[in-house]
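Please look over the sequence and the model first.

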Amino acid sequence: MIRDCNGGHITDPVEKANILNRDERAIPVINPAHVYEPFTIQIRVIRKRLARIGRNKSVGPDNIPGDILKMGGEGMVPYLARLFDIPINNGTIPGDWKKALVFPIYKGGDRTVVQNYRPVSLNSVLCKQMEHVITGYMRQVWENCDWIYEGQHGFRPGYSCESEIITVCQDVSDALDEVTRLDAIIIDFSKAFDRVPHDRLLKKISHSGVDPRVIVWIREFLIGRSQRVRVGGKLSDEVRVTSGVPQGSVLGPLGVQWYTAVMGISGIQQ
């Protein structure tokens with residue numbers, strides 16, 4: 001008999017095997033902040049997300065196409081709201097939402113070098129809609145609490161590489177006009193998406209005023225993931241993913257943004 005993360009006793013052999021397979025030691029349980037903004041599933045948000053699903057969206061590991069969701073129209077909205085509400089309150093997510101099909105995208109350089117390919121994950125369409133809902137909620141909480149550094153241009157709505165360049169050019173111009181010294185530090189994170197530290201990421205989020213249920217959901221989203229790489233129509237063996245955030249996901253860029261915050265340099269553009 002073993003215990004789960006909540007202290008409950010597990011006696012069923014299958015459940016025990018699943019618990020042991022999660023490798024929960026890699027991501028400790030995080031104590032959330034005492035004051036937080038409650039998370040709710042809003043119908044208007046679901047309706048908005050449903051309208052934005054592309055009909056030609058590639059099918060994820062769960063084999064549920066976005067076209068089917070759009071065909072349901074308004075009648076699909078309450079079912080999606082209920083579907084998203086269940087994992088938030090139960091602290092679990094469907095197994096297919098943790099799987100990904102990875103497509104290697106050539107970045108440049110020698111094509112025979114594996115490091116010159118960027119992995120992009122094809123995930124469940126349903127899971128990505130849930131990610132959109134959670135991402136919108138978290139951004140709102142952080143904006144209200146002033147947790148996002150004003151100089152952060154990466155992965156923020158309304159900000160981009162162009163806005164970062166304009167800011168830098170303005171700083172340089174001001175320094176020239178005032179005849180003052182201006183220093184710049186440029187850091188390039190190698191494989192940032194693949195190296196986001198789960199434990200520190202969750203710890204940082206848990207102290208930012210986010211609903212504890214959302215923190216548990218993100219924790220479940222990160223642990224126990226697996227992926228297969230597709231090349232030339234053929235699939236690799238399935239392997240477990242023990243670090244990083246999936247590229248191609250909605251929460252992935254948000255995780256990288258907070259990775260820079262965890263490292264104490266949140267104002268640097270990726």
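Predicted model: local features only at pLDDT ≥ 70, side-chain atom pairs only at ≥ 80, totals over all residues.

Residues are numbered from 1 along each chain as its sequence is written, and side-chain values use heavy atoms, with hydrogens and water left out.

**Salt bridges**

- The structure holds 7 salt bridges. A salt bridge here is a side-chain nitrogen of Lys or Arg within 4 Å of a carboxyl oxygen of Asp or Glu.
- Lysine 98 and glutamate 220 form one of them, at 3.4 Å from N to O. Lysine 98 lies in the loop between helix H4 (77-90) and strand E3 (99-106), and glutamate 220 lies in helix H8, so this pair ties together parts that are 122 residues apart in sequence.
- Helices (H or I, at least four residues) and strands (E, at least two) are DSSP runs, numbered from the N terminus.
- Glutamate 220 also meets arginine 219 in a salt bridge, at 3.8 Å from N to O.
- Lysine 98 counts as buried because its relative accessibility is 9%. Arginine 219 is buried too, with a relative accessible area of 9%. Glutamate 220 is buried at 4%.
- Buried means under 20% relative accessible area, exposed means over 50%, and partly exposed is in between (1.4 Å probe, protein chains only).
- Arginine 181 forms a salt bridge with aspartate 183, and their closest N and O atoms are 2.9 Å apart. Both of these residues are exposed.

**Helix packing**

- Helix H5 (residues 125-144) and helix H8 (residues 212-222) have axes that come within 12 Å and cross at roughly 140 degrees. That angle makes H5 oblique to H8.
- Angles under 35 degrees count as roughly parallel, over 145 as roughly antiparallel, 65 to 115 as roughly perpendicular, and the rest as oblique.
- Axes are lines fitted to C-alpha atoms, for helices over the stretch in contact, and angles run from 0 to 180 degrees between N-to-C directions.
- The H5 and H8 crossing is left-handed. A crossing is left-handed if the near helix is turned anticlockwise from the far one by less than a right angle, and right-handed if clockwise.
- Helix H2 (residues 43-51) packs with H5 at about 130 degrees, with the axes 10 Å apart. This makes H2 oblique to H5. The crossing of H2 and H5 is right-handed.

**Surface patch**

- Val168, Val172, Leu176 and Leu182 form a nonpolar patch on the surface, with about 360 Å² of accessible area together.
- Patches are made of residues with over 30% relative accessible area and no salt bridge; like charges are joined within 9 Å, and nonpolar side chains (Val, Leu, Ile, Met, Phe, Trp, Tyr) within 5 Å.
- Accessible areas come from the Shrake-Rupley method with a 1.4 Å probe; for residues, only the protein chains shown count as cover.
- Leucine 182 sits in the loop between helix H6 (161-178) and helix H7 (198-206). Leucine 182 counts as partly exposed, at 48% relative accessibility.

- Serine 226 is in strand E5 (residues 225-231). Serine 226 is buried, with a relative accessible area of 11%.
- The C-alpha atoms of serine 226 and leucine 101 are separated by 9.0 Å, and these residues are 125 apart along the chain.
- Glutamate 164 is in helix H6 and is buried at 18% relative accessible area.
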